Amino acid sequence: MPPDKINSPKIIREILSARNLAPRKSLGQNFLIDDNVLHKIAAAGQVDAGDAVLEIGPGLGALTEILVKQAGKVVAVEYDRGLFSILKERLGDYRNLELLNRDILAVDLTVLAAGCQGSLKVIANLPYYITTPIIFKLAESGIPWETMVFLVQKEVAQRITAAPGTKEYGALTVMLNFYGKVERIGNVSRTVFYPEPDVDSAIVKISPYRNREVQALYPRMSQLAQAAFRQRRKTILNALSSDGLFQSKEELGRFLTEQGIDPNRRGETLSVAEFRSLAAGLGFRE
Ligand code: SAM
C-alpha cells in the first residue's frame, strides 16, 4: 500500500496517535507539511541516481520519500525509536533506503560514507536544538561531501551568512564560509510545520570547496575562530595570546602585523580571508 502523503496536521496526528505517540519538542520534532517546500529542499540538492544522500532526522519520512525516488541511495538517521518504527513500516520496501535508529552525533560518519557509492550529499530538515554541533561534525569529518542542504532556524541562516562586525558574525560564519560556498536558498514560514515552531526557517546550501588547503587548515582555522569569538569584545592580540600559540605577546603582535592585521582590532572584525591568512601563516611556522 503506498503511504499517505504527509501534508496535513490531521494525517500526522493520525499516524502518531495510532501508535500512542505525539511530537516530541525535546527532539525538535516539527514536521513539514508543505509539498512545495519539501520539493524545494530536495531540488536544492540536485539529487540524481549517482548520489548517496545522508538525511538527518527523517521523522515520518516526508522528505525521505522524495529523496529515495531521486537518489541511488539514501541513508536516513532517526533517533526517535517510535518514529523509526513508523519509517520502517512506511518506507521499508525501498531497497535503496537504509534506515538507522541512531543519534547522528554518535554515528561514525567515516564508516557510514564508506558504505556509500557515488557523490555524497547531506539533505536535512535539522533538529534545531543540535543544528550547530551537527553542521560542525559534518564539516570536521573530512568526508568529501559534494553538497549540503539544510533547513535551519532563520537566525542560524543569518549567522551563517553574516558580515564581519555584525552581532550574528561568529565562529560558525567563519568556519562555514571557509569550508564552502554558502547560499541562502529561501525563507520558510513557521506555518508550514506541524506543530508550528516559535521561529521561521530558511533553506541554506553549502557547497564544500574540497581542496587540500581547506583540509589542511581546518583545525587551525577552528582554533583561531574559537579563540577570537570566545571573548568577542577583546582585541585579537588579547584573544589569541591566551591560547598558547605564541611564546610571548610581543611575538604574537609581530606576527599579526606581518600578516597585515592591526593587533588592536577586535577578532569579530576580521574577515574570513584574514582568518585564513592567519591560519596559513601559523601553518608555515611549523
Ligand atoms: N524530516 C522530517 C520533516 O521534515 O518533516 C522531520 C524533521 S524534524 C525538524 C527533526 C527530526 O530529527 C525529528 O524526526 C527528530 O526525531 C530527529 N532527531 C532529533 N534528534 C536527533 C538526533 N540526535 N539524531 C538523529 N535524529 C534526530
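Let me start with where helix H8 touches helix H9: on the H8 side, the residues are Ala171, Val174, Met175, Phe178 and Tyr179, and in H9 they meet Glu213, Val214, Leu217, Tyr218, Met221, Ser222, Ala225 and Phe229. Sorted by kind, the residues of this contact are eleven nonpolar, one polar and one charged. Please keep in mind throughout that we are looking at a predicted model.

How do the two helices lie against each other? The axes of H8, residues 171-179, and H9, residues 212-230, come within 9 Å and cross at roughly 165°. Because angles over 145 degrees count as roughly antiparallel, H8 is roughly antiparallel to H9. The crossing of H8 with H9 is right-handed.

Now let us turn to H8 and helix H6, which covers residues 131-140. Here the axes come within 11 Å and cross at roughly 30°, and that makes H6 roughly parallel to H8. This crossing of H6 and H8 is left-handed. From H6, Thr132, Ile135, Phe136, Leu138 and Ala139 meet Ala171, Leu172, Met175, Leu176 and Tyr179 of H8, and this contact divides into nine nonpolar residues, one polar and no charged.

Finally, the ligand. Which residues are closest to it? Of the 23 residues that surround the ligand, the closest are Leu32, Gly57, Glu78, Asn125 and Tyr129. For Leu32, a backbone N or O atom lies 2.9 Å from an oxygen atom of the ligand, while for Tyr129 a polar side-chain atom lies 2.8 Å from a ligand nitrogen atom. Ile104 also takes part, with a backbone N or O atom 3.0 Å from a nitrogen atom of the ligand.

Note on methods. Residues numbered from 1 in each chain as written. Predicted model: local features only at pLDDT ≥ 70, side-chain atom pairs only at ≥ 80, totals over all residues. Heavy atoms only, no water. Axes fitted to C-alpha atoms, helices over the stretch in contact; angles between N-to-C directions. Helix = DSSP H or I, 4+ residues; strand = E, 2+ residues; numbered from the N terminus. Parallel < 35°, antiparallel > 145°, perpendicular 65-115°, else oblique. Left-handed = near helix turned anticlockwise from the far one by under 90°. Contact = heavy atoms within 4.5 Å. Nonpolar A, V, L, I, M, F, W, Y, C, P; charged D, E, K, R; others polar. Near = heavy atom within 4 Å. Polar contact = N/O pair within 3.5 Å; in protein donor to acceptor, adjacent residues only side chain to side chain.
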